[in-house]
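Reader: Hi! Could you walk me through some ring contacts and a pocket in this one?
Author: Happy to, let's have it on screen.

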Amino acid sequence: MLPTRRLLLGAIAAAALAGPTSAQTTVTITHALSLDSHYGAGSQAFKEVVERLTQGRFQVNIQRNDNEREAIEATQIGTQEFTITSTGPVGNFVREVLVLDIPFLFRDYAHARGVLDGPIGQELLAKFTPRGLIGLAWMENGFRNLTNSRREVATPADVQGLKIRTMENQVHMRAFQTLGALPTPMAFSELVPALQQGTVDGQENPIPVIVANNLNQVQRFLSLTRHVYSPAVLIANPAFWNRLNAQDRAAFQEAAKAAVKANRDRVSADEQRGVALLRERGMTVRTEVDTAAFQAALAPAFEQYNRQFDAALIARIRDWKPGS
Ligand code: PAF
């Protein structure tokens, strides 16, 4: 055999032996916000750790899709491998997760992060598997606050009659209905035109979202209602996940941890500076809100959630204490 032919055959045999592990695979992760946001921080950390720990065998392509329901569907059917999404539309896929969307369930960030990082969070992530999704890690969107173009909101009476865009989430819709508002569910992708055209008067989102999307350009009043904690979750496509060998799966799990940390650090930083920034951008910010009156007005909704969902789980979440 000619030496060049022998060399060529050797190279092919070596490549075949190395198998698919030496090939480069590109995976896609989507989220609804820009790279300069709390989700962007998470996805960039995810990309950095995946590519480093797999020595570049996996490349991560970050894309924006501000229709979270569509992104979950795409992750379920496998046209993309990962998505970071708020729990807004997740309850339409994994019903058990809806309890997390109950207003005033979490006292503060430490409470929410403690619950989601502990056994309750793990139990809920396990519920994704039978629904054709892998729940990898709890991330964070933040405490939601109300903005609108009509008036300052400090009490439940101020909300009455306002057309509020909500996420496609039955728990949130029920809450706004109970307060006498007119909840209008729609994907985030439709929000800005709806606010511009006056189809809705207001919307509610965490400070990091209001800042990252310049919602101050379309909304005048911000009230720090903090009426509901909005978790986010990193979801994977099961077929992709189950194909990974143990070492690569460990790399993706490390990347998920890094994503959670970067995401939460950015939420905390945005919460620190966001309100001042939104004031500078011209919003009228109402910091004193009668939270007790909002909770009292929501009593009929709370009763319904207890009937509709796992009341014991709701109590476990509400009563959670550090170290429990
Ligand atoms: O309002 C929403 O739909 C969500 O909070 C958003 C902005 C897409 C982030 O998850």
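Reader: What sits over the ring of phenylalanine 143?
Author: The charged end of arginine 226 does, 4.5 Å from the ring centre. Sitting over a ring means that NZ of Lys or CZ of Arg is within 6 Å of the ring centre and within 35 degrees of the ring normal. Arginine 318 also lies over a ring face, that of phenylalanine 302, at 5.9 Å from the centre.

Reader: Thanks! Before I go on, what are the ground rules?
Author: This is a predicted model, where local features need pLDDT of at least 70, side-chain atom pairs count only at pLDDT 80 or more, and totals for chains, interfaces and linings use all residues. Residues are numbered from 1 along each chain as its sequence is written, and side-chain values use heavy atoms, with hydrogens and water left out.

Reader: How many aromatic pairs does a search of the whole structure find?
Author: The search gives 15 aromatic pairs. Rings of Phe, Tyr and Trp (its six-membered ring) pair if their centres lie within 6.5 Å; planes under 30 degrees apart are stacked, over 60 edge-to-face and the rest tilted. Phenylalanine 46 and phenylalanine 82 make an edge-to-face pair, 5.0 Å centre to centre with 70° between the planes. Phenylalanine 46 is in helix 2 (residues 38–53) and phenylalanine 82 in strand 3 (residues 82–86), so this pair ties together parts 36 residues apart in sequence. Helices (H or I, at least four residues) and strands (E, at least two) are DSSP runs, numbered from the N terminus.

Reader: Is phenylalanine 46 buried or exposed?
Author: Phenylalanine 46 is buried, at 0% relative accessibility, and phenylalanine 82 is buried with 0% as well. Buried means under 20% relative accessible area, exposed over 50%, partly exposed in between (1.4 Å probe, protein chains only).

Reader: Switching topic, what volume does the second largest pocket have?
Author: About 190 Å³, taken as the space filled by probe spheres set on grid points joined across faces, edges and corners. A pocket is an open set of points, on a 1 Å grid over the protein atoms alone, where a 1.4 Å probe fits, with protein on both sides within 12 Å along at least five of seven lines; lining residues have an atom within 4 Å of a point.

Reader: And which element gives the most to its lining?
Author: Strand 4 does, with five residues. Among the lining residues of this pocket are Leu116, Gln122 and Trp138.
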